[in-house]
Amino acid sequence: MRLLLIEDEDEAALMIAKGLRQELHTVDVAEDGLKGVRNASSSEYDLIILDIRLPEKDGWEVCRELRTGGLQIPILMLTASGSYQDRVKGLDLGADDYLVKPVDLDELLARVRALLRRRPLLQKPVLKLDTLEIDTRSKTVRRAGQFVRVTAKEYALLECLARDPDTLLDRETISERVWNEPYDPFSNLIEEYIKRLRKKIDIVGQKPLIHARRGEGYILTAREFA
Ligand code: CA
């Protein structure tokens, strides 16, 4: 997933960004409210973590502007004060959750996971990447306009990768999402399915989209990946 962290304090920003990256998220950091609004409006993020005390524009104002502008993704607010009024104000302005500083990293990661799980409401029915099209209603796949025949499991794996494009997914995550079971390090099931999918999706004349990083996992992306 792609996350935007709007936080001016270096130490806190580093700690939070590092924790999120360890969970394989892509994290951009904006150091003030103005940059935060600019980033959030120009890029597609899955979630925003927003500090309240910021230079240029405070977190309340950032939240208000983003919601007024129609942004729907989850916003998790951070503040030094745990007062009831502050919490209500944040929620009234459109924040989805609220965390008091100093932030406990494990708690923050748990809240982020919970907010991201609520995301399916916003998901689009047809996922597109380069010339790959996945229709999640009919569960059908096309590459360069041509219908691709896939099995139910191949489809589930492809949709799992396509739900988080440009995001490296580890085998544990894939195993849980596609097979509903913990990853077995002695099994090469995922590799086998990836191999089969590549043959069907990354056909001659089309840009390869399914990539592996040894020991780390798999990614579906049209960008350069090495
Ligand atoms: Ca701050």
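User: Which residues of helix 7 (residues 171–179) are buried?

Analyst: This is a predicted model, in which local features need pLDDT of at least 70, side-chain atom pairs count only at pLDDT 80 or more, and totals for chains, interfaces and linings use all residues. Residues are numbered from 1 along each chain as its sequence is written, and side-chain values use heavy atoms, with hydrogens and water left out. Buried means under 20% relative accessible area, exposed over 50% and partly exposed in between (1.4 Å probe, protein chains only); helices (H or I, at least four residues) and strands (E, at least two) are DSSP runs, numbered from the N terminus. In helix 7 the buried residues are Arg 171, Ile 174, Ser 175, Val 178 and Trp 179.

User: Why do the buried residues of helix 7 line one face of the helix, and what covers them?

Analyst: Seen down the axis, the buried residues of helix 7 fall within an arc of 100°, so they line one face. The arc is that of the directions from the helix axis to the C-beta atoms. Contact means heavy atoms within 4.5 Å. The cover includes helix 6, helix 8 (189–201) and strand 11 (217–220).

User: At what angle does helix 6 (residues 152–163) run to strand 7?

Analyst: Helix 6 lies across strand 6, strand 7 and strand 8. Axes are lines fitted to C-alpha atoms, for helices over the stretch in contact, and angles run from 0 to 180 degrees between N-to-C directions. For helix 6 and strand 7, the angle is about 110°.

User: Which strands stand at the edges of the sheet formed by four strands?

Analyst: The four strands form an open, antiparallel sheet in the order 6-7-8-9. Two strands pair if DSSP finds at least two bridges between them; strand 7 (residues 132–135) and strand 8 (residues 140–143) do so over four bridges, with Glu 133 opposite Arg 142 in strand 8. Each edge strand has a single partner, so one side of each is left without a neighbour in the sheet; these are strand 6 (126–129) and strand 9 (146–148).

User: Which residues of helix 2 (residues 33–42) are exposed on the face turned away from its buried side?

Analyst: The buried residues of helix 2 are Gly 33, Gly 36, Val 37 and Ala 40. They cover an arc of only 95° around the axis, which puts them on the same side of helix 2. These residues pack against strand 1, strand 2 (26–30), strand 3 (47–51) and helix 3 (59–68). The face turned away carries the exposed residues Arg 38 and Ser 42.

User: Is Glu 7 buried or exposed?

Analyst: Glu 7 lies in the loop between strand 1 (2–6) and helix 1 (10–22). Beyond its neighbours within four places in sequence, its contacts include Asp 51, Leu 54 and Lys 101. With a relative accessible area of 1%, Glu 7 is buried.

User: Which residues are the protein donors of the calcium ion?

Analyst: Donors are N, O and S atoms within 2.8 Å of the metal (3.2 Å for Na, K and Ca); water is not among the atoms, so sites may look incomplete. Lying 2.1 to 2.3 Å from the ion, the protein donors are Asp 8 (OD), Glu 9 (OE), Asp 51 (OD) and Arg 53 (O).
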